Amino acid sequence: MFWQSTVVQIPELSAVHDFDALLEKDLAVVFKHSASCPVSWLAHAKVSQFLDRQPQVPVYLVPVRKRREISRHIAERCGVEHESPQVIVIRRGKVVADASHGAITAEFLAEAVR
């Protein structure tokens with residue numbers, strides 16, 4: 001069951017410029033999460049499962065209720081409509097994959113970062 005998996009501490013983006021700095025990286029995964037949503041916790045478990053397998057991949061958390069301005073900024077900069085939960089995979093400033101809700105799986109992320 002997904003609730004039995006370990007919850008991985010994912011570094012949180014706390015400012016718009018933190019996200020903008022990710023656009024300069026070779027690879028980054030942004031995970032938009034709502035702590036009040038059970039579906040988002042399921043997605044968190046899947047992202048954690050992915051990180052257990054590939055800890056070298058840089059993944060960053062955006063708590064959407066707490067950091068609405070960052071979430072809106074990401075949608076505008078990336079051209080990806082906001083959803084929660086949502087993962088956005090970015091390579092050198094370009095979105096190469098995104099998924100939301102039940103489409104967020106460890107397998108999806110592994111394929112997206114190849």
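1. The structure, a predicted model, holds 6 salt bridges, a salt bridge being a side-chain nitrogen of Lys or Arg within 4 Å of a carboxyl oxygen of Asp or Glu. Local features need pLDDT of at least 70 and side-chain atom pairs count only at pLDDT 80 or more, while totals for chains, interfaces and linings use all residues. Residues are numbered from 1 along each chain as its sequence is written, and side-chain values use heavy atoms, with hydrogens and water left out.

2. Glu 12 forms a salt bridge with Arg 67, with 3.4 Å between the closest N and O atoms. This pair links distant parts of the chain, 55 residues apart, since Glu 12 lies in the segment before H1 and Arg 67 in the loop between S2 and H3; helices (H or I, at least four residues) and strands (E, at least two) are DSSP runs, numbered from the N terminus. Glu 12, Lys 66 and Arg 67 are linked in a network of salt bridges.

3. A salt bridge also joins the side chains of Glu 107 and Arg 53 (3.7 Å, N to O). Here too distant parts of the chain are linked, with Glu 107 in helix H4 (residues 106-112) and Arg 53 in helix H2 (residues 38-53), 54 residues apart.

4. In helix H3 (residues 68-78), the buried residues are Ile 70, Ser 71, His 73, Ile 74, Ala 75 and Cys 78, where buried means under 20% relative accessible area, exposed over 50% and partly exposed in between (1.4 Å probe, protein chains only). Just after H3, Gly 79 takes a positive phi of about 70 degrees.
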